[in-house]
Amino acid sequence: MQALILAGGQGTRLRPLTLTTPKPALPLAGRPFLTFMLDWLAGHGVDEAILSCGFLAEEVAAVLGDRHGTVRLRYVTEPEPLGTAGPLRLALDQDGLEEQVLVVNGDVLTDIDLGAQLDFHRRAGALATLALVAVEDTSAYGLVPTAPDGEVEGFLEKVDAGASADPAPTDRVNAGAYVLERSVAELVPPGRAVSFEREIFPSLVGKGLFGHLDEGYWIDIGTPERYLEATRDLLTGAVKSSLPPRDATGSLVHPGCRTEGAEVGPLSVLGESCVVEPRARVARSALHRRVTVGARAAVDGAVLADGVSVGEGAHVEPGAVLGKGATVAPQARVEAGARIEPGTEVRLADRRPAADAAPVRVAESRRDG
Ligand code: GDD
Ligand code: MG
């Protein structure tokens, strides 16, 4: 079975991480994110994945190569963004496609049963079958009301329930995994950006478009909050994966790390070659590779990209995301939810008048924010 993975978006909601690393190649629990998706696809009989890349395409190929286990990887790089459906047409025109193809968004961590979806698709004689999942807050997704037999009644991409008096018509959303007949690819106009969600699917309502509800694990990792949630779910085993065993705090510390005398955990990931100095604390956080955390510093609920350096006694607060190579000065504080650009420095009490600057205890500098 062939699968086309949409891996060409800019991942704007995951900046600054995605300024330097494309979303599919971002480390999640210490592995390039897309390898989790490839394991899932392989488990459902996919033996060829067409990676549809655009933004930072070379980076994706450099990280994933031309094979993942039993799955052959092929790259189709678009000269300019072709949206979600345009890449399927490009793949068809470049190398042809099999009779049926799976198309998946390249940013979902899931164990949805694709085999059951495929069976349903064949029994229904569908043209296209969308995997659906039920979520509480539907606003970030495509809403897909269906009839009892699964036929799709409408496709409403990111409708803001708050802006309309009507409640959302369903809690079922597009999970970003489609079984498509090749003829769907032929319907996509060539040579321009085309959206499945805004053009193709709405036009197929009543013409063989079906939805298949799945109750498995599913998350779109495309925001820092959901990226951390996915990290936690991998660590706790809420989603199946082939990760190595976690330690007593539920954390995963990769080879080449040094953490003696530090407190690491709960539910944290240290990628290769990280250093956490004595009496520093790292909790509920994802540290990519070669991150250093100085003595007595504290990092909680944050994401630190490759090469980030947190100075002695500094604090990184929940929801902060630090881009590649960013540095935090000793005793400085990175506020909750802050986004720190790659390679920049967070200085001690940036907004404190110079005369007042030193020496500063952490407790004092915290009042500044
Ligand atoms: N090749 C290519 N070219 N890929 C693209 C492009 C493009 O121009 N634009 C986006 N993608 C890829 C992204 O990299 C991502 O893997 C996937 O297409 C979906 O794009 P997102 O930007 O992540 O969309 P979303 O999360 O807001 O919404 C989509 O996913 C939801 C489920 O997570 C829609 O499909 C919704 O209907 C759906 O509910
Ligand atoms: Mg997404």
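**Notes on the predicted model**

1. Let me begin with a loop residue. Leu56 sits in the loop that runs between strand E4 (48–53) and helix H3 (57–64). Keep in mind that this is a predicted model. The phi of Leu56 is near 50°, which is positive even though the residue is not glycine. Leu56 counts as partly exposed, because its relative accessible area is 25%.

2. Arg284 is another one to look at. This residue is not a glycine either, yet its phi is positive, at about 50°. You'll find Arg284 in the loop between E19 and strand E20 (286–287), and with a relative accessible area of 43% it is partly exposed. As background, most residues other than glycine have a negative phi, and most peptide bonds are trans.

3. On peptide bonds, there are two cis cases to check. Arg15 and Pro16 are joined by a cis bond with omega at about 10°, and Pro16 belongs to the loop between strand E1 (2–6) and helix H1 (17–20). Gly265 and Pro266 are also joined by a cis bond, here with omega at about 5°. Pro266 is in the loop between strand E16 (263–264) and strand E17 (269–270).

4. Now the metal. Which residues supply the protein donors of the magnesium ion (ligand 2)? They are Asp107 and Asp220, each through OD, at 2.1 to 2.2 Å from the ion. The pair brings together distant parts of the chain, 113 residues apart: Asp107 is in the loop between strand E7 (100–105) and strand E8 (108–110), and Asp220 is in strand E14 (residues 218–220). Asp107 is buried, at 8% relative accessible area, and Asp220 is buried too, with a relative accessibility of 10%.

5. Ligand 1 has 25 residues around it, and those that come nearest are Glu78, Glu157, Asn174, Glu197 and Asp220. A nitrogen atom of ligand 1 is 3.1 Å from a backbone N or O atom of Gly8. The side chain of Lys158 has an N or O atom 2.7 Å from an oxygen atom of the ligand, and the side chain of Glu197 has one at 2.5 Å from a ligand oxygen. On its own, ligand 1 has 740 Å² of accessible area, and the protein covers 90% of that.

6. Next, Gln117 in helix H5 (residues 114–124). Is Gln117 buried or exposed? Its relative accessibility is 0%, so it counts as buried. The Gln117 side chain reaches the backbone oxygen of Ala177 at 3.1 Å. Beyond its sequence neighbours up to four places away, Gln117 touches several residues, among them Ile112, Tyr178, Val179 and His212.

7. With a relative accessible area of 15%, His212 is buried. Setting aside neighbours within four places in sequence, its contacts include Ala116, Gln117, Phe120 and Leu132.

8. Val282 belongs to strand E19 (residues 281–283) and is buried, with a relative accessible area of 1%. Leaving out neighbours within four places in sequence, the residues in contact with Val282 include Val264, Gly265, Leu270, Val276 and Val299. Val293 is in contact with Val282 as well; the two are 11 residues apart in sequence, and their C-alpha atoms are 8.4 Å apart.

9. Last, helix H8 (residues 224–236). Its 13 residues reach 18 Å from first C-alpha to last, close to the 18 Å expected at 1.5 Å a residue. The buried residues of H8 include Pro224, Tyr227, Leu228, Thr231, Leu234 and Leu235.

10. What comes just after H8? Gly237 does, with a positive phi of about 85°. Gly237 is in the loop between H8 and strand E15 (252–253) and is partly exposed, with a relative accessible area of 40%.

Technical notes:
Residues are numbered from 1 along each chain as its sequence is written. Chains are lettered from A and ligands numbered from 1 in the order in which they are written. This is a predicted model: local features need pLDDT of at least 70, side-chain atom pairs count only at pLDDT 80 or more; totals for chains, interfaces and linings use all residues. Side-chain values use heavy atoms; hydrogens and water are left out. Helices (H or I, at least four residues) and strands (E, at least two) are DSSP runs, numbered from the N terminus. The expected span of a helix is 1.5 Å times one less than its number of residues. Buried means under 20% relative accessible area, exposed over 50%, partly exposed in between (1.4 Å probe, protein chains only). Donors are N, O and S atoms within 2.8 Å of the metal (3.2 Å for Na, K and Ca); water is not among the atoms, so sites may look incomplete. A residue is near a molecule or strand if one of its heavy atoms lies within 4 Å of it. A polar contact is a pair of N or O atoms within 3.5 Å; within protein, one must be able to donate a hydrogen and the other to accept it, and residues adjacent in sequence count only if both atoms are side-chain atoms. Accessible areas come from the Shrake-Rupley method with a 1.4 Å probe; for residues, only the protein chains shown count as cover. Contact means heavy atoms within 4.5 Å.
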